[in-house]
Amino acid sequence: MSELFSVGPGEPGGTTAKAAEDPDLARARGGDDAAFTRLVQPLRRELHAHCYRMLGSSHDADDALQDALLRAWRGFARFEGRGSLRSWLYTVATRACLDIAEIRGRRALPVDLGPSSDRAVTENVPLTDVAWLGPYPDTGLAAGPAGPGARYEQREAVELAFVAACQHLPGNQRAALLLFEVLGFSAAEIATMMSTSVTSVNSALARARRIVAEKVPSVTQQRTLRRIEDARVREIVTGYSAALEQGDADALVALLTEDVTWSMPPMPHWYRGLDAVTDFAVRVPLTSCGHWRHLPTGANGQPALGGYLWNDEAGAHLPWSIDVLTLREGRIAEVTSFIGVAHFAALGLPPSLP
């Protein structure tokens with residue numbers, strides 16, 4: 001564990017002097033857990049987001065952050081304050097994520113598993129042996145970059161396309177890309193954090209950038225949402241919800257781009273193009289006309305809805321899927337329906353609706 005506690009100077013866009021002067025540092029080194037909690041609390045949210053970007057799952061991010069903070073607490077007496085507390089904690093969190101990623105493998109979406117289906121597959125059943133990418137609650141994430149050297153805004157870096165692309169990278173490349181492009185650490189700092197050379201970091205960054213550039217749209221959702229007026233975004237979300245609840249195929253189709261895609265992890269089949277998506281929508285979700293209710297929410301920096309389906313036995317609408325919408329030119333270009341009740345609690349949505 002000793003390699004965790006040697007970090008380079010400074011942090012992106014910040015200084016280390018103030019951290020060294022904090023009296024809670026001395027208290028925490030002496031075993032004061034309340035002081036340690038006070039030190040790390042302001043950083044928990046951004047550390048959790050980093051763990052999600054690394055692992056593609058909010059639940060794995062929970063585990064990684066808990067493990068990282070336990071490691072940090074146990075080794076805090078050896079934190080010398082030569083670098084910032086923030087960069088030291090990112091070192092510990094990144095290593096915890098790399099350990100989990102090595103065990104659990106990369107997260108996937110249905111588009112990673114095979115070609116799209118031309119027609120609705122009604123016998124579509126969940127694949128339980130796949131580690132699926134999951135949605136992420138974006139509340140609390142700032143709109144701007146995490147540091148002056150960061151290329152991506154914090155909310156851009158949790159968008160589905162970006163997180164999914166990162167899952168195609170080996171762990172060391174993923175870590176280097178996120179630490180450099182999203183968090184603004186220098187190559188020298190990352191080399192120290194990952195116990196490697198600056199040359200190795202730069203090589204990992206070059207390979208990672210090529211792969212991500214092939215998979216991430218040139219225009220991010222944050223830029224798209226800024227171009228679309230808020231009223232139009234609300235209109236799209238409301239229209240999508242109403243179309244499903246009323247079984248209105250024409251209204252739904254009017255909201256979609258010609259090359260729209262629809263996927264539903266953990267279901268393996270997915271659809272591309274207006275004809276295939278319309279066939280699926282008519283034969284699957286729209287058949288439950290009158291049984292849906294939706295709550296608007298936000299996930300991965302994108303508009304989203306929690307979809308609740310009526311359950312006769314429970315006498316209530318129960319959680320079914322989190323639908324994350326990817327927009328382009330004022331229409332829906334992708335629907336990613338994350339099926340599963342566990343996603344609702346993470347997004348702060350209620351366990352049922354009347």
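I looked for disulfides, taken as pairs of cysteine sulfur atoms within 2.5 Å, and the count is zero. C51 is in no disulfide; the nearest cysteine sulfur belongs to C97, 3.5 Å away. I noted that the model is predicted, that local features need pLDDT of at least 70 and side-chain atom pairs count only at pLDDT 80 or more, whereas totals for chains, interfaces and linings use all residues. Residues are numbered from 1 along each chain as its sequence is written, and side-chain values use heavy atoms, with hydrogens and water left out.

I then checked exposure (buried, under 20% relative accessible area; exposed, over 50%; partly exposed, in between; 1.4 Å probe, protein chains only). C51 is buried at 0%, while C289 is partly exposed at 37%.

Next I examined the nonpolar cores, which are sets of buried Ala, Val, Leu, Ile, Met, Phe, Trp, Tyr and Cys residues joined through side-chain atoms within 4.5 Å. The largest has 74 residues, and F76, W88, L89, F162 and V212 have the most contacts inside it. Helix α6 (residues 85–104) gives the most to this core, with 10 residues; helices are DSSP runs of H or I, at least four residues, numbered from the N terminus. A second, separate core of 30 residues includes L256, M267, L274 and L325.

Finally, I turned to helix α4 (residues 44–55), whose axis comes within 10 Å of that of α6 and crosses it at roughly 30°. The two are therefore roughly parallel, a term for angles under 35 degrees. Contact (heavy atoms within 4.5 Å) involves residues including C51 of α4 and C97 of α6.

Technical notes: Axes are lines fitted to C-alpha atoms, for helices over the stretch in contact, and angles run from 0 to 180 degrees between N-to-C directions. Angles under 35 degrees count as roughly parallel, over 145 as roughly antiparallel, 65 to 115 as roughly perpendicular and the rest as oblique.
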